[in-house]
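Let's take a friendly walk through a protein chain, one stop at a time. Have the sequence and the 3D view ready as you read.

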Amino acid sequence: MSCRIAICDDNPIDSAYVEKLLNIWACERGIPIFTEIFPSAEAFLFRYEEDKTFDFLLLDIEMGGMDGVTLAKRVSRDSEELQLVFITGYWDYIGEGYDVSALHYLLKPVKQEKLFAVLDKGVERRRKGQRFLNLEVSGEMVRIPLGEIRYLEVCRNYVTVHGKKDYTVKRSLRDFESQLGTGFSRVGRSVILNLAFIRRVTKTEVYLLDGAVLPLPRGAYEPLNRAIIRGHG
């Protein structure tokens, strides 16, 4: 499972510090993460209008312009899956956000162990509500969490789903596209990639976090990079 995390804080030093902690947490847990930093609530909202696939939003309460509580109320109307973590420098502000079902409230400067505990709780909550891909394999139904799927590839009339295990079924690659959602991107005729597992893209190859290297078809480089830039990398 991978995570997309937004940090919204008008203090760049605080944002950089939180991002550093996130990277430590991800490394210790073995969870691929992709973070984006937003200097204002307005900047996050502009991004969120195009892409609502963030898993966590770590936001300051007191910011110039729109404050964090107002932002939280706005995004909570659109998504119940986005988990909110308020970060504030003042205890006085903590009571303002209770009506948006925040995952937690952290006081600046953020303590590593407290942030890690909050993220662990959020990941566990997400696991319980995560989406699955259902496959019929050898007469049995197999449920694969979407976050575990690295990529799918087709060979003739068969598709192999590469996750913690590999499963091959007689179906077309097109059948899977609508089931996988925006975190995946079709690459040429034969592969669908989980964008969260991409480490590097060249003109001819895609490098995944697990060390796998896949050939990149001609003409696929620009569309794949656009998909990543849209919010999955």
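In which loop does Pro109 lie? Pro109 is in the loop between β5 (104-107) and α4 (112-128). A cis peptide bond, with omega at about -10 degrees, links Lys108 to Pro109.

Before going on, please note that this is a predicted model, in which local features need pLDDT of at least 70 and side-chain atom pairs count only at pLDDT 80 or more, while totals for chains, interfaces and linings use all residues. Residues are numbered from 1 along each chain as its sequence is written, and side-chain values use heavy atoms, with hydrogens and water left out.

**The whole chain**

The chain has 6 helices and 15 strands. Here helices (H or I, at least four residues) and strands (E, at least two) are DSSP runs, numbered from the N terminus. Along its principal axes, the C-alpha trace spans about 60 × 40 × 30 Å.

Of the 233 residues, 47% are buried. Buried means under 20% relative accessible area, exposed means over 50%, and partly exposed is in between (1.4 Å probe, protein chains only). Contact means heavy atoms within 4.5 Å. Among contacts in the chain with a separation of 6 or more, 53% come from residues 24 or more positions apart.

**Two helices side by side**

Helix α2 (residues 41-50) packs with helix α3 (residues 68-76) at an angle of about 10 degrees, and their axes are 10 Å apart. This makes α2 roughly parallel to α3, a term for angles under 35 degrees. The axes are lines fitted to C-alpha atoms over the stretch in contact, and angles run from 0 to 180 degrees between N-to-C directions.

Which residues make the contact? From α2 come Ala41, Phe44, Leu45 and Tyr48, while α3 provides Leu71, Arg74 and Val75. By class, the contact of α2 with α3 has 6 nonpolar, no polar and 1 charged residues. In this scheme Ala, Val, Leu, Ile, Met, Phe, Trp, Tyr, Cys and Pro count as nonpolar, Asp, Glu, Lys and Arg as charged, and the others, Gly among them, as polar.

| Residue | Relative accessibility | Class |
|---|---|---|
| Ile24 | 28% | partly exposed |
| Arg156 | 80% | exposed |
| His162 | 7% | buried |
| Ile192 | 2% | buried |

Ile24 sits in helix α1 (residues 12-29). Leaving aside neighbours within four places in sequence, Ile24 is in contact with Gln112 and Phe116. Although Ile24 and Gln112 are 88 residues apart along the chain, their C-alpha atoms are separated by 9.2 Å.

Arg156 is found in the loop between β8 (151-155) and β9 (158-162). Its phi is near 60 degrees, a positive value in a residue other than glycine.

His162 belongs to strand β9. Not counting residues up to four places away in sequence, His162 touches Glu148, Ile149, Arg150, Tyr151 and Glu153.

Finally, Ile192 is part of strand β12 (residues 191-194). Leaving aside neighbours within four places in sequence, its contacts include Tyr151, Leu152 and Leu173. Ile192 and Arg150 are 42 residues apart in sequence, with 8.8 Å between their C-alpha atoms.

Note on methods: Angles under 35 degrees count as roughly parallel, over 145 as roughly antiparallel, 65 to 115 as roughly perpendicular and the rest as oblique.
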